Every structure is written in C-alpha cells, then in structure tokens.
Amino acid sequence: MALAAAKLHDRELEVRAYERALELTWKPNLRANILYNRGDAKMGLGPLRDAIADFGKHRCLVFGNGLSHGMDS
C-alpha cells in the first residue's frame, strides 16, 4: 500500500501505510527499513522533526543491532 501511495504522490496515505506496517512487523531489520521509508515520506510532508526522529530510530536499529540495511532475514 505504501509503495502505491508513493507512486501516486500521496504522502499522507504513504505514512499511514508505513505506520500500519510497523504495527504488524517485529523483525528489527524490517522495522528499520519501514522507519527509513516513513521518514522519507514525512520529509515530503514537511514536518522535518518527525522525519528526523524516524531516521534516528532507523539508525539505532541498523547500527545498534549490527544489522545491514536492506536485509530480509
């Protein structure tokens, strides 16, 4: 859903879709990817503080747990 919203340039729907994905996903590497993408979508909406917070959470998951960005396992 988030990817379709991004293609349609509907950033609000994209953010909501990523929020729903976060509710359903518990694997740290997948959550890191979703947080990064949600941060990118939030940047498009304008609230940079919210986007920076998501990028910070992404960074903690990736570097704090030794994950490689983009891994699916």
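A contact here means heavy atoms within 4.5 Å. By that criterion, the buried residues of α3 pack against α2 and α4. The model is predicted. The protein has 73 residues, with 4 helices and 0 strands.

**Overall fold**

- From the N terminus on, the element order is α-α-α-α.
- Buried residues make up 29% of the 73 in the protein.
- Take the contacts with a separation of 6 or more: 39% of them join residues 24 or more positions apart.
- The accessible surface is about 5,000 Å². Carbon and sulfur atoms account for 57% of that surface.

**Nonpolar core**

- The largest nonpolar core holds 9 residues. They are Ala2, Ala17, Tyr18, Leu22, Ala32, Ile34, Leu35, Leu61 and Val62.
- Three helices each supply at least two residues of this core: α2 (11-24), α3 (28-45) and α4 (48-64).

**Helix α3**

- Helix α3 has 18 residues, and at 1.5 Å a residue it should span 26 Å. The end C-alpha atoms of α3 lie 25 Å apart, which agrees with that expectation.
- The buried residues of α3 are Asn29, Ala32, Ile34, Leu35, Arg38, Gly39, Ala41 and Lys42. Ala32, Ile34 and Leu35 also belong to the largest nonpolar core.
- The partners of the buried α3 residues are α2 and α4.

**Salt bridges: the network**

- The structure holds 5 salt bridges. Arg11, Glu14 and Asp40 are linked in a network of them.
- Arginine 11 bridges to glutamate 14, with the closest N and O atoms 3.4 Å apart. Both residues lie in helix α2, 3 residues apart, so about one helical turn separates them.
- Why does glutamate 14 count as buried? Its relative accessible area is 4%, and the cut-off for buried is under 20%.
- Arginine 11 has 28% relative accessibility, so it counts as partly exposed.
- Aspartate 40 also bridges to arginine 11, with the closest N and O atoms 3.9 Å apart. This pair links distant parts of the chain: aspartate 40 is in helix α3, arginine 11 is in helix α2, and they are 29 residues apart.
- Aspartate 40 is partly exposed, with a relative accessible area of 34%.

- Arginine 20 forms a salt bridge with glutamate 23. The closest N and O atoms of this pair are 2.8 Å apart.
- Arginine 20 and glutamate 23 both lie in helix α2, 3 residues apart, which is about one turn of the helix.
- An α-helix has 3.6 residues a turn, so residues three or four places apart point the same way.
- Arginine 20 counts as partly exposed because its relative accessibility is 46%. Glutamate 23 is partly exposed too, at 48% relative accessible area.

Definitions and conventions. Residues numbered from 1 in each chain as written. Predicted model: local features only at pLDDT ≥ 70, side-chain atom pairs only at ≥ 80, totals over all residues. Heavy atoms only, no water. Buried < 20%, exposed > 50% of the residue type's maximum accessible area, 1.4 Å probe, protein only. Areas by Shrake-Rupley, 256 points an atom, 1.4 Å probe, with all protein chains shown as cover. Core = buried A, V, L, I, M, F, W, Y, C linked by side-chain atoms within 4.5 Å. Expected span 1.5 Å × (residues − 1). Salt bridge = Lys/Arg side-chain N within 4 Å of Asp/Glu carboxyl O.
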